[in-house]
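User: Hi! Could you walk me through a few local features of this model, one question at a time?

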Amino acid sequence: MTFDLARIGEGLAFAGALDDLRRALDTSTAIVVSAPPGTGKTTLVPPLLASRTSGRVIVTQPRRVAARAAARRLAQLDGSPLGTRVGFTVRGERSVSSETRVEFVTAGVLLRRMLDDPGLDGVDAVVIDEVHERALDTDLLIGLLGEVRELRDDLVLIAMSATLDAARIAEVIGDPAPVVEHTVRAHPLTEHWAPSPVPRLDERGVARGFLDHVARTAASGARDLAQGDTLVFAPGAWEVAEIARRLRDEARGFDVRELHGQIPAAEQDAVIRGRAADAPPRIIVTTSLAESSLTVPGVRLVVDSCLSRFPQRDAARGMSGLVTAGAARSSCVQRAGRATRQGPGTVIRCVDERTYAAAPARPAPEVATADLADAALLLACWGAPGGAGLRLIDPLPTDALAEAQSVLHDLGATDDDGRATAEGRRLARIPVDPRLARALIEGSELVGAELASEVVALLGGDSRVPDADVAAAMVALRNGRGADARRWTQEARRLRRFAPASDTRGSVEDAGLVIGLAFPGRIARRVERTAEGATFLLASGTRAGVRGALAAAEWLAVADVARASGRAAAGSGALIRAAAVITEGQVERAADHLITDRVEAEFVNGRVSARRERRVGAIVRASVPVRATAEEGRAAVQRALHRDGLGVFTWSDAADELRRRLALLHRAIGSPWPDMSDAALTDSLDTWLGPEIDALATGTPAGRIDLASALRRLLPWPAAVEFDALAPERLEVPSGSRIRIAYPPIDDPTARPVVAVKLQECFGWAETPRLAGGREPVLFHLLSPAGRPLAVTDDLASFWSGPYAQVRAEMRGRYPKHPWPEDPWAAVPTRHTKNRAARED
C-alpha cells in the first residue's frame, strides 16, 4: 500500500516540487533538495521515496526530538499508528515494526547501525536532513554512504536542507548530483532591535541580567502582538527554563511553554501541534532546535537572544566542551523566518545592529571545533582510519584527529596502524564517548555496574551539574521525581545492559574513580586555596578553578573543564564544570599509566641539580633532593643546551674570537670549515663538547669550561694547518704593527672583518688585503694620529685616489709633524707614539 501523497501534502508548499523530484529520481539515485524550513520537505520526500521502492526508507535528523516529531507528524498525516508504516529510533527509544516503511533516526543511530550492517540490507533509500547544520555525525554519514553506494548503485541518497551550498554537496554525493530547489514567496518581516543594558555573558556563562532582559522583551512583544504566538530563542535548556520561569511572572495570561530535547516527548508534541482557537496565546521558549529541525505553528513574533551553544575544542589546554557565544547571522535569519511561515511576522533581536553585523556569517562546521575521539573510533571500525578514502565535505582537522587517535590508542581501541581492535569495536557499540565507554566497562568491575552506569549516564547526558559536584548531583537525581531524574534513570538502566556483570556495589563517593578511569589526564590536585575557591593542577598540565564544596578537596577527578575568566576561574583561565572527589589510592588505580617515580635533573645557573619526584602526569606528589648520576647529569645538560642554546655558557674572548674566525671561513669557503651557528653546534654537541658535558654532569661549574679548546676539536684536518693563514688573529700592516682583526658576529651574514688602524700605518698598501684565501676583503676603520675616526673603506685603492685628498687637506694642519704624502700608496709608513699625537692634538 503506497502513501497518499495528495492527502499528506495538502497545504504544504513543497508539494509543488514533487514532480521535479520525481524527474530527478528517474535519472539519478543521488539528489540534493533545497527548500526553506516549514515547506514540508521532511514530511513529503520520505513517503514519495517509499512509494517508488519496496524497501525501507531511513530519514536522519540531527536531534532526537526532531526525529520523534517528524515520525509522529507523518504517521498522523498518513492515518496510521506510530510504529507501523512510520516509525522512529533514537537513543533509548524505538518504535518500529516489520511493516515500517519510513524510519526516522538520529544520524548517530544510523552510523552505529552501519557498523553491524554496512550494506544496509533491506534499505532502499536514505534521506539526510538538515545538512546545512553541518553536524559531525551528518558529515560522517555522507562519507560512509558514499562508499556504500559504490557497491550498491541502487541505494538512493538524498541530502536535504533549508539552506546549503547545494553545488558543493552535489559534488560530494554525486558527479555531480542533480539539485532540486524549491522557493516560496516570503512574507514580510519587520525587524526590531532591543539591546540589553547589561552584557549578555559573564564569567559563569549567560548573565542573569540578560535573561531578565530577554524575558521582559518577550513579554512586552507578546502583549503588543495582535495575533499569533511568540517564539523565544535561548542558547540552551538551562536558559530556556530560566526565561520561562521569569515569563510566568512577567506575562500572566499567556501559556508559557518550553521546547528542547530534555523535556518529555508528550510536552514536545503538545508544543508542535499548536493551540486551539479558544486557547490563550502562547510564548514558547526554545533552543536552536526550533531553528529549522522543528516547525512550531502559529508563530508571528520571534524574540532572539542571538546566542548559540556549540562544541569547542581548546587544543592549547587539551579541553573540549560546550561554549556559549554570539549566534551566526545565518542562524539568526533562520530563526526570524519562523515568524513569517504563515504570514507577516516580526523579529526582535536582543542586540544592537552593530553587534549583529559583527557576528560570523555562518556557524563553523562541527568537524572543525569538536572533539573527534568518537568520530575517529567509528572511522577506524569502518576501516577508514582518519577518513582515508572517504568523500567528506571537509577533511578532519589534522591536529584534532591526531589527538583523538592518540586517545584511542591509549585506550587500546586502535592498533599502531590506526585500525580498530576487538576492544575498540566493543567500545564503539556503546553509545557514549569511547572514554566513557571504557569507564563503564572497567568501572563496573571496581564499583559495580549500577554506579558506573549512573555516573556515565550523568556525564554523557545533557544535565547541568550544580556547583560542578557530580556526587551531589547524583544524590539529587536519585531522590528526584522530575523529568531530569526520570531521563537519567532510564539512560543508566539502558547503559547497564552494556556493562559486565559484577557483584561489587560502590557508593556515590566512588564516582570520582569512574570519572578518573574515563579522563585520567584530568585528575587534579589542589595547588592553591583562596577565599573565592581553589585552583587545581590537572595531570595534563592545565590549571583550573572551582568554587563551592569541591574547593576543599585535595584531589578531584574532573569530567568537564572549560576556558573561563574572572573570579570563578581563580585566575587560572579555566573553570571546572563537573568533578568528583577522588582518593589518592583511587588515583593510582585510575591513572596508573601516568604515574612516574624518577629522578629529575636540571642544569640551572651553570650547575646540575636533581630531585627525585613522584608524579601523576604534571602533578608532583613528592619531591626530595638527590645527587644526579653522570648519565642523568649529562641528559640534563643536553636538555638545557637544546632548550636554551649556547647562551647557558659565558664565552671567553678567546672562545668567541675562535668561533667568529671559523664562522667567517664557513661563510666564505664552505666545506670543510664547520658551521658555527647555534643550531649546528647544538646538533653536534657530542662531536665537540662531549668531555665538557661529562665534566658538567659530574659537578664542574660552567665557568670553568674552556670552550676555546672544545671548539678546536671541530678544526678540519688537514685543512686546519692553513687556519691561521686564512683567518689570522692579527693583520700585519706596512708599518710593521700587528693589528687585531675584529671578526663579524655569527648571526650577521653581511658583516665584514674589521681592522681599526691609524692611517699613516697603511702607507705603502696600494690594494686592500683579503682574508679566506682572497675571498673576504678587510673593512678598514682608518684613524687619525690621535685615534679618532677619519674614514671607513674596504677599497684602499679607491680611497687613496679619491677621499684621501680631502682628509689630507684637513689633517695636515692639525697634525703637521706626521707625514701626509700625496702618493700614500708609494710612501714609507711611519709609527708615531700616542703621546706625540696627543701633544699635536
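User: In what sense do strand β2 and β5 pair, and over how many bridges?

Analyst: Happy to start there; this is a predicted model, in which local features need pLDDT of at least 70, side-chain atom pairs count only at pLDDT 80 or more, and totals for chains, interfaces and linings use all residues. Residues are numbered from 1 along each chain as its sequence is written, and side-chain values use heavy atoms, with hydrogens and water left out. Strands here are DSSP runs of E with at least two residues, helices are runs of H or I with at least four, and both are numbered from the N terminus; two strands pair if DSSP finds at least two bridges between them. T60 stands opposite V105 in β5, and β2 (residues 56–61) pairs with β5 in the parallel sense over 5 bridges.

User: Which residue in β5 is the bridge partner of T89?

Analyst: Strand β3 (residues 86–90) runs parallel to β5, joined to it by 4 bridges. In β5, the partner of T89 is V105.

User: How many residues of β5 are buried?

Analyst: Buried means under 20% relative accessible area, exposed over 50%, and partly exposed in between, using a 1.4 Å probe and protein chains only. V102, F104 and T106 point one way from the strand while E103 and V105 point the other way, and all are buried. For β5 (residues 102–106), the count is 5 of 5.

User: How are α3 and α4 oriented relative to each other?

Analyst: Axes are lines fitted to C-alpha atoms, for helices over the stretch in contact, with angles from 0 to 180 degrees between N-to-C directions. Helix α3 (residues 41–52) and helix α4 (residues 64–78) pack at about 65°, with axes 10 Å apart. Angles under 35 degrees count as roughly parallel, over 145 as roughly antiparallel, 65 to 115 as roughly perpendicular and the rest as oblique. The two helices, α3 and α4, are therefore roughly perpendicular.

User: Is C306 buried or exposed?

Analyst: C306 sits in the loop between β15 (299–304) and β16 (307–314). Its phi is positive, about 60°, although C306 is not a glycine. With a relative accessible area of 4%, C306 is buried.

User: And N605, buried or exposed?

Analyst: N605 lies in the loop between β24 (595–604) and β25 (607–616). Its phi is also positive, near 55°, in a residue other than glycine. At a relative accessible area of 79%, N605 is exposed.
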